[in-house]
Amino acid sequence: MRQKFSWLYIGICLLFPVSINYIFPKDQVLAVVIQYVLAIFFFAVLSRRQGFVLLIAYILATALAELVTALISGWDADIQLRAIFHHIVMMFHMVMMYVCLYWLKGLEEENHHLKEQVAVFMKYVGSSKVLTRQEFEERRALVNKAMERRGEKGYEIYFSLESFPVSVRNALLDQLTALAVQTFRERYDLVGKWDDMTFVVLLQNTDEKGMRIAMDRYFLKVRETIRIQEEEIVKEIKEIGSITEEGVSS
């Protein structure tokens, strides 16, 4: 089915220039092109239902306009037949444009949905050892229960790159999370990607002094590797485990 639509889309794309150059009169080409461009724009920004309403309104409005023009100008049968033919061709193009554009938008939405589903089932971000948000939340819940049962405490530390330009956030986030995986204890601590500009580290069975030592060790490596100061990264630190969670600094 998708392959058929693909060939149909290619055929329509080839048909447009042929129609414009060989079917419509030269004095109507600019008006036709403008209508095509406007149709593509509105179909791209409107929902499927809104686009359908616009399509029907356009068909009725152009048909009524040609009918009124024919009555006022007194077109003979030959001119009327040519006008009807041009109108049919134009409407065929508009309908096919509507079908193909919303089919492509549907494929894009489906692809986005599938990517989200894949991300949900993935444990790690790409080929790194950084946990996805869902995997991090599941492991955090288990770790938290275990620490509460043993009377231990730990810390969740959120690192935000909101102060950095959007253009460098993705690359910077990859570098910082890679350093976090290398620096913090692989068998005990968790490193996860929270969103597009935030990652989180969970330090289990660690007191405040141990947390500060681990942070100092991490930011020493950050300064040496990426040349970024600790103050440039927004941090939120939460104590978890045997004591009720509460923010201790930011």
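Across the chain the mean pLDDT is 83, with 86% of residues reaching 70 or more, and the model described here is a predicted one.

**Confidence**
- Over residues 244–250 the pLDDT stays under 50, although the model has 17 contacts beyond four places in sequence for this segment.
- Where pLDDT is low, the predicted coordinates should not be read in detail.

**Helix α7**
- Helix α7 comprises 18 residues (208–225) and reaches 26 Å from its first C-alpha to its last, which is close to the 26 Å expected at 1.5 Å a residue.
- The buried residues in α7 are Met-211, Ala-214, Met-215, Tyr-218, Phe-219 and Val-222; because they cover an arc of only 125° around the axis, they lie on the same side of α7.
- These buried residues are covered by elements including β1 (153–160), α6 (166–183), β3 (198–203) and β4 (234–241), whereas the face turned away from the buried side carries the exposed residues Lys-209 and Glu-224.
- Just after α7, Arg-227 takes a positive phi of about 65°.

- The side chain of Glu-156 makes a polar contact of 2.6 Å with the side chain of Tyr-158.
- Leaving aside neighbours within four places in sequence, Glu-156 is in contact with Arg-140, Val-201, Leu-202, Glu-236, Ile-237, Lys-238 and Ile-240.

Notes:
Residues are numbered from 1 along each chain as its sequence is written. This is a predicted model: local features need pLDDT of at least 70, side-chain atom pairs count only at pLDDT 80 or more; totals for chains, interfaces and linings use all residues. Side-chain values use heavy atoms; hydrogens and water are left out. Helices (H or I, at least four residues) and strands (E, at least two) are DSSP runs, numbered from the N terminus. The expected span of a helix is 1.5 Å times one less than its number of residues. Buried means under 20% relative accessible area, exposed over 50%, partly exposed in between (1.4 Å probe, protein chains only). The arc is that of the directions from the helix axis to the C-beta atoms. Contact means heavy atoms within 4.5 Å. pLDDT is the predictor's confidence in each residue, from 0 to 100. A polar contact is a pair of N or O atoms within 3.5 Å; within protein, one must be able to donate a hydrogen and the other to accept it, and residues adjacent in sequence count only if both atoms are side-chain atoms.
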